[in-house]
Amino acid sequence: GFAVKSIIGLAAEFERNQKTFAAMLKSDEKANQLLADLKDFAKQTPFELTKIRGTATRILGAGYQQSEIIPLMKRLGDLSMGDQDKFNRLLINVAEIKNNDRATIRDIRQFSGVGVDIKSAIQKVTGWDKKDIGAMITAGKVNNKVITDAITYLTTKGVFAGGMEAYQSTLVGKFSNLIDTLQGIGEDAGKGSLSNVLKEMV
């Protein structure tokens, strides 16, 4: 029936994710570990597991290491206050800064566009005068490390500390966690069903 098809579909999607991560990480073991880590992370966040897996793929594609994925998602989750659209925009921004190893005026404006005063955080972590930061950006002095340090400050000591937890406690956040739990059950149940279906096909 419909329920069985849905469960098999979840298992098939899980298998696709496993193969994608295995190809990107060149290891089945690393892929399985990442999938387990992402599942644990989803339980602690308002983001849906399927979107978290897609985000992890994008992060790996941007050149980050496996060990950097969860910490980066945690920081961006806090910075976005659990808002998926803001999270996506922030991810694009920080990935671009990482690849260029410098932030441009446009990058700084992108932070402002999602309500993040990154300039004040840069001032905190560098000790630079705020009025000089614009010139530092133009001169290429605001590199990836400066931005990473600024984001870490904002999400550990600044106004965005615990931002994701605040959103997770809302009804929407709790519903997202329920969906993740049900999806996990469906995937586990579907693995055996999918195996049986494949055996019948060969």
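Helices, by the definition used here, are DSSP runs of H or I with at least four residues, numbered from the N terminus. The model I am presenting is predicted: local features need pLDDT of at least 70, side-chain atom pairs count only at pLDDT 80 or more, and totals for chains, interfaces and linings use all residues. Residues are numbered from 1 along each chain as its sequence is written, and side-chain values use heavy atoms, with hydrogens and water left out.

I begin with the cavities. A cavity is a set of points, on a 1 Å grid over the protein atoms alone, where a 1.4 Å probe fits but cannot get out, and its lining residues have an atom within 4 Å of a point. Grid points are joined across faces, edges and corners, and a volume is the space filled by probe spheres set on the points. The count comes to two cavities of 30 Å³ or more.

Which helix gives the most to its lining? That helix is α3, with three residues; α3 (49-61) and α5 each supply at least two. Phe 47, Lys 51, Ile 52, Thr 55, Met 73, Gln 84 and Phe 87 line this largest cavity. By class they are four nonpolar, two polar and one charged, where Ala, Val, Leu, Ile, Met, Phe, Trp, Tyr, Cys and Pro count as nonpolar, Asp, Glu, Lys and Arg as charged, and the others, Gly among them, as polar.

The second largest cavity has about 30 Å³ of space. Its lining consists of Arg 89, Leu 90, Asn 93, Gln 110, Phe 111 and Val 114. Two or more of these residues come from each of α5 and α6 (105-113), and α5 gives the most, with three.

I turn now to α6 itself. Asp 107, Ile 108 and Phe 111 of α6 are buried, that is, under 20% relative accessible area with a 1.4 Å probe and protein chains only. Seen down the axis of α6, these buried residues fall within an arc of 100°, so they line one face of the helix; the arc is that of the directions from the helix axis to the C-beta atoms. They pack against α4 (66-79), α5, α7 (118-126), α8 (133-138) and α9, contact meaning heavy atoms within 4.5 Å. Gly 115, which follows α6, has a positive phi, near 85°.

Finally, the axes of α5 (residues 84-100) and α9 (residues 144-156) come within 9 Å and cross at roughly 145°. Axes are lines fitted to C-alpha atoms, for helices over the stretch in contact, and angles run from 0 to 180 degrees between N-to-C directions. Val 94, Ile 97 and Lys 98 of α5 make this contact with Asn 144, Ile 147 and Ile 151 of α9.

Technical notes:
On a 1 Å grid over the protein atoms alone, a cavity is a set of points where a 1.4 Å probe fits but cannot get out, and a pocket is an open set with protein on both sides within 12 Å along at least five of seven lines; lining residues have an atom within 4 Å of a point. Buried means under 20% relative accessible area, exposed over 50%, partly exposed in between (1.4 Å probe, protein chains only).
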